[in-house]
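Keep the structure open beside you as you read.

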Amino acid sequence: MRLVTIATKSLRQRALASSLTAFSVALGVMLMVIVLVLHGVLERNFRQNNFGYDMIVGPKGSDLQLVLSTVYRIGNPEGLLPYRVYREMQNDPRITEAVPIAMGDVTEEGGFKIIGTTSRYFELEYADGREFYILGKAFGTDFDAIIGADVARDNRWGLGSKLKLVHGGLENKDGHTHDEEFTVVGILKRTGTANDKTVFVNLEGFFAIGGHDTPLDEAIGREIEFFGNTTLTEREIERLRAEELEEAKAHAPGAEGHAHHHHHATPDVKKFLTAVFIKTRNQAVAYMLGESSRRGSKAMYVNPQRTIQALMINFVGKFRTLLFVLTGLIIIVSGVGIFVSIYNSMSDRKKEIAIMRALGARRSTVFTIILAESFLLCVGGGALGLFLGHGLLFVAAPTIEMQSGLLMSRWAFETVELVIFPVLMGLAGLIGLLPALTAYRTDVARTLAS
Amino acid sequence: MSIELRNVRKSFRLPGGETLSVLNVPEFKVARGEQVALVGSSGGGKTTLLNVISGITAPDSGEVLIDGRDIAKLHEVGRDRFRAAKIGFVFQTFNLLPAFTALENVLLGSSFASQSISRAGAIELLQRVGLGHRLSHRPQQMSVGEQQRVAVARAMANRPVVLLADEPTANVDSTNQAGILQLIRETSRENNVTVLIVTHDRDIAAQFDRVDNLADFNRPEVAV
């Protein structure tokens with residue numbers, strides 16, 4: 001009979017105590033697995049620290065919020081930038097690329113975030129050396145949409161599918177569904193980034209949606225507030241005001257020709273963006289633009305890489321350390337539980353040990369049997385914990401994704417998890433040592449006589 | 001000779017610091033295949049003698065020749081190995097492991113020897129002691145008589161040269177007593193195993209080839 005069989009039999013003899021102690025290890029390992037996987041998810045989501053862009057330009061506010069909302073599509077953006085900012089950047093020789101980003105709506109089905117942008121967004125790399133691949137084609141008409149891989153999968157959308165936008169997000173009770181319908185003309189190949197969960201619509205179409213352009217007077221007011229002036233002449237303002245009036249009449253309920261009304265292109269002054277992704281001619285320009293944020297510019301130039309690094313170091317890193325310490329403590333407490341369980345059983349089991357010794361078992365043999373029990377409890381509990389942890393993550397992954405906006409696979413596995421078992425083996429050895437020594441020292445003659 | 005003791009001395013140190021001499025055996029011999037009953041008063045050293053013969057306890061001095069080998073000269077691991085291979089033990093309180101079935105207890109009997117009994121061999125042994133129908137039963141599911149039968153089968157599992165039995169029938173009723181004694185004697189005879197049984201019961205002792213009183217050959221030293 002193999003020693004491990006003898007150890008298993010002994011554990012089964014104390015089935016309840018053994019199960020409880022193994023379960024406590026399982027809970028510790030389960031938590032450890034969840035922490036490791038979630039940390040891995042965070043790291044993977046935020047480690048994409050080369051974005052294909054040098055800077056993100058947004059209205060002044062929280063730089064973290066700007067990066068999270070525009071790059072990771074987590075949370076909502078704060079404030080708006082006049083379209084003129086984008087126009088000026090297009091003409092700025094220091095800036096080689098400028099891609100406009102307008103956000104705020106979600107899809108009616110699935111609540112995926114909408115980004116209004118131009119086809120240029122897909123022509124540039126989304127990360128260092130990684131290009132978009134579109135199945136289908138880029139934007140052609142105003143109401144064309146390109147969807148991320150997860151959107152296509154989850155909503156079962158393909159080329160030609162129609163989609164509508166909900167204003168302000170699904171959680172916004174006042175949000176209404178826009179009448180305008182977009183058509184899917186392109187599906188992005190999986191990127192492993194937030195783009196997979198995003199629906200991109202043509203920026204022109206985005207502004208053409210009722211309520212997405214700002215009323216003229218308010219728009220001019222905002223432009224002046226932002227730049228200190230407006231580029232519009234009195235005559236242009238008069239013309240735009242007349243167009244706006246005509247538009248309002250055409251859209252009024254019951255108005256003649258409401259359904260067939262031709263939409264005029266939205267004038268730039270009435271367009272506002274969430275952000276502009278830019279590439280600069282060189283790092284010095286990026287630095288200068290970053291500095292200009294501090295010198296009274298109404299726009300904010302954020303280096304996303306630096307912002308995310310700060311987030312990882314200041315928040316995620318500390319949070320991870322805290323969780324590691326807590327789960328480590330849980331495993332140690334479970335280990336103490338195993339130790340107490342085995343050690344307490346030793347007084348009852350001295351007789352068994354003495355019998356085995358009388359049958360010819362060596363001291364080292366009984367030592368090994370007790371140590372094997374400790375290993376079985378730790379490793380068995382660890383395996384159960386691994387299963388429970390991944391089971392829980394498998395079930396919770398879609399919810400975590402939905403709630404946090406982080407991309408997460410149901411099968412997420414961190415290679416660092418492989419370290420758990422050597423650690424548990426070490427712990428088992430440590431825990432089993434004293435009881436095993438007790439077994440080793442058992443006085444056979446005296447124990448059998450008693 | 002199967003068992004031969006020469007000038008074996010064993011004493012224990014008491015908690016108070018005094019030394020208690022338990023064994024002082026100038027000579028004791030049991031021939032191969034012989035079945036000897038050892039009688040004597042309680043506390044006379046019978047169990048200690050069995051422990052010395054089995055190698056559980058090392059003597060302070062003297063020679064303990066089992067099957068021609070002086071186990072007193074072996075270190076502890078050597079004695080353990082020797083015991084696992086050559087000695088069978090039947091205890092007063094059966095000492096079966098409660099977590100193991102009858103079959104597993106028998107298998108355990110040879111688990112620590114270099115050559116262990118096969119499953120078929122263990123089943124055959126249990127059938128020999130009349131427990132072929134109890135293979136998967138645990139000790140607590142069996143009567144005391146059946147438990148002691150399992151203990152006998154376990155003692156024979158490693159094909160011992162010597163079978164040592166310490167009051168094997170003290171805890172069983174008179175009906176089972178005779179059966180167990182018969183079993184020990186018959187199975188040992190079939191396998192040419194030397195038997196040394198400790199008992200305080202003269203009637204039981206009388207059933208064996210030879211009856212020795214420990215007091216006749218053991219002269220523990222009296223502390224001065």
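In chain B, the cover over the buried residues of α4(B) includes α3 (102–108) and α5 of chain B. The buried residues in question, on helix α4 (residues 119–128) of chain B, are A122(B), L125(B) and L126(B). They span an arc of only 95 degrees around the axis, so they sit on the same side of α4(B); the arc is taken over the directions from the helix axis to the C-beta atoms. An α-helix has 3.6 residues a turn, so residues three or four places apart point the same way. After α4(B) comes G130(B), with a positive phi near 80 degrees.

A word on ground rules. This is a predicted model, where local features need pLDDT of at least 70 and side-chain atom pairs count only at pLDDT 80 or more, while totals for chains, interfaces and linings use all residues. Residues are numbered from 1 along each chain as its sequence is written, and chains are lettered from A and ligands numbered from 1 in the order in which they are written.

As for terms, helices (H or I, at least four residues) and strands (E, at least two) are DSSP runs numbered from the N terminus. A residue is buried if 20 or more other C-beta atoms lie within 10 Å of its own, exposed if 12 or fewer, and partly exposed in between, with C-beta atoms placed from the backbone. Two residues are in contact if their C-beta atoms, placed from the backbone in the same way, lie within 7 Å.

**The two chains**

Chain A has 14 helices and 12 strands, and 42% of its 450 residues count as buried. In chain B there are 8 helices and 9 strands, and 49% of the 224 residues count as buried. Take the contacts with a separation of 6 or more: residues 24 or more positions apart make up 79% of them in chain A and 73% in chain B.

Strands of a sheet pair through backbone hydrogen bonds, either parallel or antiparallel. Here two strands count as paired if DSSP finds at least two bridges between them.

One open sheet has 5 strands in the order β6-β7-β8-β3-β9 (chain B), with parallel pairing. Its edges are β6 (87–90) and β9 (210–213) of chain B; each has a single partner strand, so one side of each is left without a neighbour in the sheet. On average, neighbouring strands of this sheet are turned by 20 degrees against each other, direction ignored. Axes are lines fitted to C-alpha atoms (for helices, over the stretch in contact), and angles run from 0 to 180 degrees between N-to-C directions.

Two helices lie across this group of strands. Helix α6 (residues 174–190) of chain B lies across β3, β6, β7 and β8 of chain B, at about 170 degrees to β7(B).

The other open sheet has 4 strands in the order β2-β1-β4-β5 (chain B), and its pairing is antiparallel. At its edges, β2 (19–30) and β5 (69–70) of chain B each pair on one side only.

| Strand pair | Direction | Bridges | One bridge pair |
|---|---|---|---|
| β3 (residues 35–39) and β8 (residues 194–198) of chain B | parallel | 4 bridges | L38(B) and V198(B) |
| β1 (residues 3–13) and β4 (residues 61–66) of chain B | antiparallel | 5 bridges | R6(B) and E63(B) |

**Two loop residues with positive phi**

R159(B) isn't a glycine, yet its phi is positive at about 50 degrees. R159(B) is in the loop between α5 and β7 of chain B, and counts as partly exposed because it has 15 C-beta neighbours inside 10 Å. E167(B), also a residue other than glycine, has a positive phi near 45 degrees. E167(B) lies in the loop between β7 and α6 of chain B, and its 18 C-beta neighbours inside 10 Å make it partly exposed.

**Over to chain A**

Helix α12 (residues 363–404) and helix α13 (residues 420–441) of chain A pack at an angle of about 145 degrees, with axes 7 Å apart. The residues of that contact split into 18 nonpolar, 4 polar and 2 charged. Ala, Val, Leu, Ile, Met, Phe, Trp, Tyr, Cys and Pro count as nonpolar, Asp, Glu, Lys and Arg as charged, and the others, Gly among them, as polar.

**Where the chains meet**

The contact takes 17 residues from chain A and 22 residues from chain B. On the chain A side, α1 (3–13), α11 (304–358) and α14 (444–449) each supply at least two residues. By class, that side of chain A has 9 nonpolar, 4 polar and 4 charged residues.
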